[in-house]
Amino acid sequence: MVPVLTTERLTLRGLTRDDTDAVLRVFADPEMSRFFEADLSDPVQCRRMIERRLAYDGPPELGHWVIERDGEVIGLAHLRPSWELPGNVVEIGYFLEPAHGGSGLATEAAARLLDYGLAELGVPAVWALIRESNVSSVKLAQRLGFLDVGSGMHYGAEHRVHVKLPDLHGRTHHIELWVPDLAEAEASFGWLLGELGWREFQRWPDGVSWKLGATYLVVEQSPALTAREHRRRDPGLNHLALHVSTRQQVDQLADQAGAHGWKPLFADRYPHAGGDQHYAAYLENAHGFEVELVATPPGVHSNG
Ligand SMILES: CC(C)(COP(=O)(O)OP(=O)(O)OC[C@H]1O[C@@H](n2cnc3c(N)ncnc32)[C@H](O)[C@@H]1OP(=O)(O)O)[C@@H](O)C(=O)NCCC(=O)NCCS
């Protein structure tokens, strides 16, 4: 069941069968269905829509919510894998009873779902399919910073395709590691980061950095260094953990790492040293830096 999400004026909670009457009321005005294939003011079609939502069996952190204000159900929303767009991407939808329209409530609900998906779950993007003539919904998407990236035939009609990407605010800008031996660090980190898609970004006599997306990692043999090795059990950085797309890639990297200055940690418990649900390789280089390579779980984090 999806989590309860709250905003200043609203509570979003998982849809249940007990909400059926309230949802029928939300869709009672035929205007609500103007942009849909089905006429949801027809109780039979509306019940079918509710049943389809209740039968949702995708990733449990995604699904269908009702929008409540002061304990009354006033709308419906979803964040779920798209069946219209390829690549297992996540699609949002929102529906607000007309009596509550025009005061930013749908925007507030959708903003909370976006924050939940992009910031809490780490979904790489949220997609919305909107009929061009659905002006209220297009305006809502624009207000929330969706990009209009094209159009296509979806849900039986031409729809604009909108996408909302996470913003950089608060994310890691760079990480700087001071190392006692630049050549060794370059051999171990340079190889590993290169395998993971990072590219060399800056180079100067005492350092080198690699960049992936908006984040770069620096290794520097600073003249101001005060020790010759990194002691990961001392206060400070213990280890760096990096996403790896698949378990097979974690296995491959763990196999190859020995030839590039890394030795395995917790090898007797590979690949579950971090717990039954956690698939990871733990590696340490010659100067005591630990890296954890974590298989990203399939589902909502995946782009395809
Ligand atoms: C799409 C839908 C949810 C939008 O509803 P809405 O009432 O326009 O959206 P909001 O509740 O966010 O209100 C936004 C309006 O309130 C105004 N508003 C007032 N206070 C506001 C606030 N604090 N924040 C944002 N907007 C505010 C906005 O200016 C906007 O009015 P405008 O469209 O005239 O510019 C609604 O039309 C609907 O349910 N339609 C049928 C179902 C549907 O088509 N869903 C979308 C499928 S893609």
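In which strand is Arg-80 found? Arg-80 is found in strand β4; helices (H or I, at least four residues) and strands (E, at least two) are DSSP runs, numbered from the N terminus. The model is predicted, so local features need pLDDT of at least 70 and side-chain atom pairs count only at pLDDT 80 or more, whereas totals for chains, interfaces and linings use all residues. Residues are numbered from 1 along each chain as its sequence is written, and side-chain values use heavy atoms, with hydrogens and water left out.

**Domains**
- The domain assignment of the protein gives domain 1 (5-164) and domain 2 (174-295); such bounds come from an automatic or database domain assignment.
- A distance of 41 Å separates the C-alpha centres of domain 1 and domain 2.

**Surroundings of Arg-80**
- Arg-80 is buried, with a relative accessible area of 3%; buried means under 20% relative accessible area, exposed over 50%, and partly exposed in between (1.4 Å probe, protein chains only).
- Leaving aside residues up to four places away in sequence, Arg-80 touches Tyr-56, Leu-62, Gly-63, His-64, Val-89, Val-90, Glu-91 and Tyr-155, where contact means heavy atoms within 4.5 Å.

**Backbone features in loops**
- Tyr-155, one of the residues that Arg-80 touches, is found in the loop between β7 (147-154) and β8 (157-164).
- The phi of Tyr-155 is positive, near 45°, in a residue other than glycine, and Tyr-155 is partly exposed, with a relative accessible area of 22%.
- Asn-88, in the loop between β4 (72-81) and β5 (90-96), has a positive phi near 60° and is likewise a residue other than glycine.
- The relative accessible area of Asn-88 is 33%, which makes Asn-88 partly exposed.
- Tyr-270 and Pro-271 are joined by a cis peptide bond, with omega about 0°; Pro-271 is found in the loop between β14 (262-265) and β15 (280-285).

**Helix α5**
- Helix α5 (residues 182-195) has 14 residues and should span 20 Å at 1.5 Å a residue, which agrees with the 19 Å between its end C-alpha atoms; the expected span is 1.5 Å times one less than the number of residues.
- Buried residues of α5 include Leu-182, Phe-189, Trp-191, Leu-192 and Leu-193; Glu-184 and Ser-188 are also among them.
- At the start of α5, the backbone nitrogen of Ala-183 has a side-chain oxygen of Asp-181 within 3.1 Å.
- Gly-197, which follows α5, has a positive phi near 95°.

Note on methods:
A polar contact is a pair of N or O atoms within 3.5 Å; within protein, one must be able to donate a hydrogen and the other to accept it, and residues adjacent in sequence count only if both atoms are side-chain atoms.
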